[in-house]
Amino acid sequence: MTNFEALTPFFEKWAKPTEYGRSDARRSSTPLELKAFYDASVPHLTDILKTVDEYPVGQIPADVKPLFYIALSLAEIAPNVEFYENSPGIPFAFDESRLIGDHCAIAD
């Protein structure tokens, strides 16, 4: 993973294995944090996808999984950056925290 050192500062917050973890990272971010993650990740997306595509789903090695999770987080925050001016929430929508299941209180 030597080509991805620029992304390692984002692993702790954004390399989450669950949709709930990734959504929580988005909702708890500032607009500047969303934009910084987006700007850092987009240039690497093609290489990330090539890297993870070398393995069958479910067999991605542990050291490569953070890249896979970064790509998933990027897919989930891209609309917020591209359509909603880096807003962590979705403007004119319901409060997302109302729909988080109790089982999601368990940390990733």
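**Helix packing and the nonpolar core**

The axes of H4 (residues 45–52) and H5 (residues 65–82) cross at roughly 130 degrees and come within 9 Å. This description comes from a predicted model. The crossing in which H4 passes H5 is left-handed. On the H4 side, the contact is made by Leu45, Ile48, Leu49, Thr51 and Val52, and on the H5 side by Leu67, Phe68, Ile70, Ala71 and Leu74. Sorted by class, these comprise nine nonpolar residues, one polar residue and no charged residues.

In soluble globular proteins, nonpolar side chains tend to be buried together. In this model, the largest nonpolar core has 23 residues. Those with the most contacts inside this core are Leu7, Trp14, Phe37, Ile48, Leu67, Ile70 and Ile77. At least two residues of the core come from each of helix H1 (8–14), helix H3 (31–41), H4 and H5. The greatest contribution is that of H5, with eight residues.

Tryptophan 14 may be examined in turn. Leaving aside residues up to four places away in sequence, Trp14 touches Arg22, Ala25, Arg26, Ser29, Leu34, Phe37, Tyr69, Ile70, Ser73 and Ile77.

The segment after H5 contains asparagine 86. Asparagine 86 has a relative accessible area of 16% and is therefore buried, since buried means under 20%. With residues up to four places away in sequence again not counted, asparagine 86 touches Pro31, Leu34, Lys35, Asn80 and Val81.

Note on methods
Residues numbered from 1 in each chain as written. Predicted model: local features only at pLDDT ≥ 70, side-chain atom pairs only at ≥ 80, totals over all residues. Heavy atoms only, no water. Axes fitted to C-alpha atoms, helices over the stretch in contact; angles between N-to-C directions. Helix = DSSP H or I, 4+ residues; strand = E, 2+ residues; numbered from the N terminus. Left-handed = near helix turned anticlockwise from the far one by under 90°. Contact = heavy atoms within 4.5 Å. Nonpolar A, V, L, I, M, F, W, Y, C, P; charged D, E, K, R; others polar. Core = buried A, V, L, I, M, F, W, Y, C linked by side-chain atoms within 4.5 Å. Buried < 20%, exposed > 50% of the residue type's maximum accessible area, 1.4 Å probe, protein only.
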